[in-house]
Each structure stands twice: as structure tokens, then as C-alpha cells.
Amino acid sequence: VDHTQLFDRIAAAAKNYPKPADVKFGYGTAGFRTLGKRLPSVIFSVGLLAVLRSQRFHGKAIGVMVTASHNPEADNGVKLVDPAGEMLEQSWEAYATTLANCASPAELVEAYKQLAQQLHINIGAPASVVYAADTRPSSPELIKALEAALAAFGDHVKTNNIGVTTTPILHYVVKATNDTTGEYGEPTIEGYQKKTAAAFKTLIVSTSPGTTDLTEQGNRGPLKPLPVDCANGVGALSLADFAKHIGDLLPFKPLNTQLNKEGVLNYQCGADYVKTKQQLPPSVAESGLLNHPDNRGASFDGDADRLIYYYLKGGKSFRLLDGDKIAVLAALFIGDLVTRAKLTDKIQVGVVQTAYANGSSTKFIKSRNIPVTCTATGVKHLHHAALNYDIGVYFEANGHGTVLFSDDTIATLKKTEPESPDQDRAIKHLIALSELINQAVGDALSDMLLVEVVLAHRGWSAEEWDAGYEDLPNRLVKVEVPDRHIFHTTDAERKLTSPVGLQARIDEAVLKVEQGRSFVRPSGTEDCVRVYAEAATSSAVDSAHLRAELESYLAKVTPLSSPSF
Ligand code: G16
């Protein structure tokens, strides 16, 4: 078949989106991410790749999310979503990078043709692309670039712009669109809200008052109001939307909800701020909402795929309840339900973490006989490792994570005939949890509801949740270096292989402090390297950390092959 006309249309449209000459783009931890104004050509090329990817799956929907999540407002980015709602398969990241770096429309068309040929994809076949954007000022322009690429294909590419929404909702819509059973849920934002709200209600409202249900008090009144820092991002919209579906069952106190004010997105607020600074966002502190020791607060990030909790111990001292604490809370609760469902021989619960997981959390999980896997940073890595468990709880310490229930687990739950009311309830609660928790990707809203469900069922305050184990004091900083690409890691990013010699210095530094652990890795979303350190005491972590920071500073000023390393 002659596709000359299609190639001409692509080339003509691509002329409006020239690649900036001085930039080399790379598909990082979560897609392409850099200043929004540099990205139109990249987004155009992603449009072509999304169509190829969909054709590869016989027309199943592929997702494109325009967002830079936790990054500053001037940045933007794009992530591709595979048919099951997962992140793009890694082997395709290289293809995305090739297309993004084509210097001219002619080169782009040539690279696109070659890719189609190499992958044996019929470029005339039908395709389907679902897309959305967050609230960044650069997003509308970038969506136009995407639409220009998709329009070049004419009618055989079906498009579905779901508008301004969160990353996890886009993932949900992709998964639901491709679900052939019709059981996953309606493939719309509204469908997501309805499904999540229904599962939440099942888990919170006891069906028969006065029973010894997990919700021991029987029919509950509303939960305590929950302050939610929305990072001045799109999470504010989905939270407001969700609130309408659950009435007063969980009253939210949304904070940082300014979507039209310049410069405020993720600024001095949001999950990343709280996790790295280990303090309340000033706006949350000023609200006074956390001043009571029984209160807890939550922060989303800019696209609402990360969640961090916190409270003030004694109404005063800040305590962080991060991704590790959420993983522990979820894994133990689910583990207890599996036991009550009498399914421990059929369903194994496991936890997946990264090198950033606090050493105490890993020790605590293992002490409860729950297996733990460690992977490289990036949801794509954790997600795949979690699929190896029947119920895989994965969380990065930064609050990005979810709980995956395998198809076999769901089938087992559905076919088990309960022999007691308690077993029956445990099974029903496990099924409802699999519906509450986003099965495609980390989701701040649904994870927050999971936390609230567990706290309600356990009858716990934030302090009781926190009591399980004590975090080792830790520090996490960004260090700007001239070229982060000289940093290479191994062993799930826990060790550096380059610059040569740097790892030995880190090892030496941590040996000197009790329970010392530190690592350095290049960020895949920002132009920096990240330095993490933990130790038994705060002063020890500072000394270990200062050393590690110093070493990366040395790397910055020392050429790769320097004999001093
Ligand atoms: C993204 C990824 C996360 C990762 C984070 C930081 O989060 O989805 O898995 O932990 O970036 O990655 P890095 O340390 O490589 O910069 P988000 O919320 O920004 O999409």
C-alpha cells in the first residue's frame, strides 16, 4: 500500500513543531520531562509512537499523559500508557527517544517508517489514543502538538481527549477502555469516580449494625475531616469531584487548590515538598488544621499520583507518614484479611520497595514474614516486580505506589465459599479493596481512601499507625552536576559503578556510622543527582550525608577518568 500521502501530511504538520537544536531528549524515569517550552516537537513525535503502539496491539487504546508531575511549573512532560494501564514497555522507550531526537520533519518521517518496518506494523491499520493533561500553563499548547500528529492519520485513528485530569485517572480510562469483560468500570472520569466511591462506601459503611464486623462500631458516622494539600494541581479537581460522590462519609478540607494562579503549582506544598523537607507546607501549618494531635493530613503531588501523610505529635512535632509507612499499613491489613479469609495457602502478599525505603521499614516488614523485593526507582520497575506476588503492595518512599491483585487472586476470592460470617466479610473486603485501589498505577486519591479505610477499620489515629516502627533518621538532597549522565548505578541503584571510585568513598563514609547507608543516583526526571543517607542517629546521618554530598561534589569537579578516584 502506498502511504505517500500520510507521510506528506506528517511532514507538513511536523514543520510547525521544529526540534530545538541544542537539546538531546531522553525517555527518563517517567517519560520525557524538561521545560515545557522545549517540548512541542517531542509531543508531536510521541503522537506518532502512540499510534504505532496501538497498531501493535490491534487497535487497543494507548494513553498519552501530558504532565511533569512533581516538577516545577515551568517544566512539562509526557508519559505513554500501555493497554493494561501500565507504563510504556521499556523496550519502546528507545524508539520514543529516537523519534524525539529527529532533527527535521524529513528525518522524523524516515525514522517513523523504519520503525514501523522493523516492528512489522501495518501503518494503515486502525489505532486508538486516549489523552489528558494536567493544569500546567504549557499543557494546552502541547496538547495541540499531539492533536496535530494524530490528525495527520485521519479517520483510522480514534482519539479520545478526556481533558484536564490526574495521571491515575488517565491510566484508569485506558485500562477500562481496553477491558473486554466490561467488569473493570466505565471508561470515563465519571466511571472512575463512581467505581472508587462505591468501593469506598462498601468498605466504610458496615452493612449490618452491631456485628463484629471489621468496622466494629457498626454503621459509622462520618470520618474525621481530612485536610488535603492538593499542591495547587489537578488533584484539587478530582478531589472536589469525588467528594460529591460520597456525601459526608469523609469530609475533606482541601488546601492549595489554586489552579489559575501563576507559579504556585508544587511550590512550597505537595507530596515532594513534604517528603524532602520533612516538614508541613507553610500553608498547611498556617491553616491550624493539624494542631490537634488526633488530626492527620495528606499531600498530593502536581498530577495526584503520589501521596504523603503526616501529623503533629502532641499537636507540635512533625511526623512523616510516607510511602513506606503506607506500604506497611496496607500490607499488614491485607495480610490480616487474607488470614481471616482462610486463604493464606493460596494468596501470598509481598511488598516491593526501592533503595529509598527506610531501613527500618524493610526490617519491620520482614519481621512480619512478608517478603520484600527491592527494585530500581520508577513505578515501571516496582509495578512489574509486584506482579510476581498474588497481592503485590508497591510503594516508593516518596508516596508513589499501589496494590496489585492478580487475576488468579480475584478468581480465588470470588469462588471461595465462606464457612463463617467473618470469613465472608474478609473476602468481601478484599474484593472491595481491589476495586478501591487503582490497579493501573499509583494514585493519590485512591491510596488516600485506602489509608482512611485501614485507619477506620483498625480504629487508629495517625499516631497509632506511626507506632509500628521508628524511621531511621535520613536525608535526601538534590545535587546539581554538570553532567548527570556520567553517573551509572547497579544493584537496584544502591551502588555506583561510575564515576569510578566514588562508591568506595561512600562505603567508607557509611561504615563509620551505626546503621549507615547511603547512595547516589542520577534523577530521571530532573537535571540533578539525588543523594540519600540514613543512620542510627540524626547527627550520624548528617555526617554520613555530608560526606556523600561532598563526594558527589567532587565528582562534579573531577573528570570521569581522574586518578584520584
Ligand atoms: C516520577 C516517577 C517515580 C519516581 C520519581 C522521581 O514521579 O514516576 O517513580 O520516584 O519520578 O524519579 P527520579 O528520582 O528519577 O527523578 P512523578 O511523581 O514525578 O511522576
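Strand β2 (residues 61-66) is largely enclosed by the rest of the structure, because six of its six residues are buried, with buried taken as under 20% relative accessible area for a 1.4 Å probe and protein chains only. This is a predicted model, in which local features need pLDDT of at least 70 and side-chain atom pairs pLDDT 80 or more, while totals for chains, interfaces and linings use all residues. Numbering runs from 1 along each chain as its sequence is written, and side-chain values use heavy atoms, with hydrogens and water left out. Strands (E, at least two residues) and helices (H or I, at least four) are DSSP runs, numbered from the N terminus.

In a regular strand, side chains alternate between the two faces of the sheet. In β2, Ala61, Gly63 and Met65 point one way, Ile62, Val64 and Val66 the other. As for partners (pairing takes at least two DSSP bridges), β2 runs parallel to β4 (residues 127-133) over six bridges, with Ile62 opposite Val129. With β3 (residues 75-81), β2 pairs in the antiparallel sense over four bridges, and Met65 has Lys79 as its bridge partner there.

Turning to helix α5 (residues 139-151), its buried residues include Leu142, Ile143, Leu146 and Leu150. What covers the buried residues of α5 includes β2, β3 and β4, along with α1, α2 and β5.

Elsewhere, Asn266 sits in the loop between β7 (252-255) and α9 (270-277). Asn266 counts as buried because its relative accessibility is 14%. Setting aside neighbours within four places in sequence, Asn266 is in contact with residues including His70, Arg136 and Asp301, contact being heavy atoms within 4.5 Å.

How values were computed: Buried means under 20% relative accessible area, exposed over 50%, partly exposed in between (1.4 Å probe, protein chains only).
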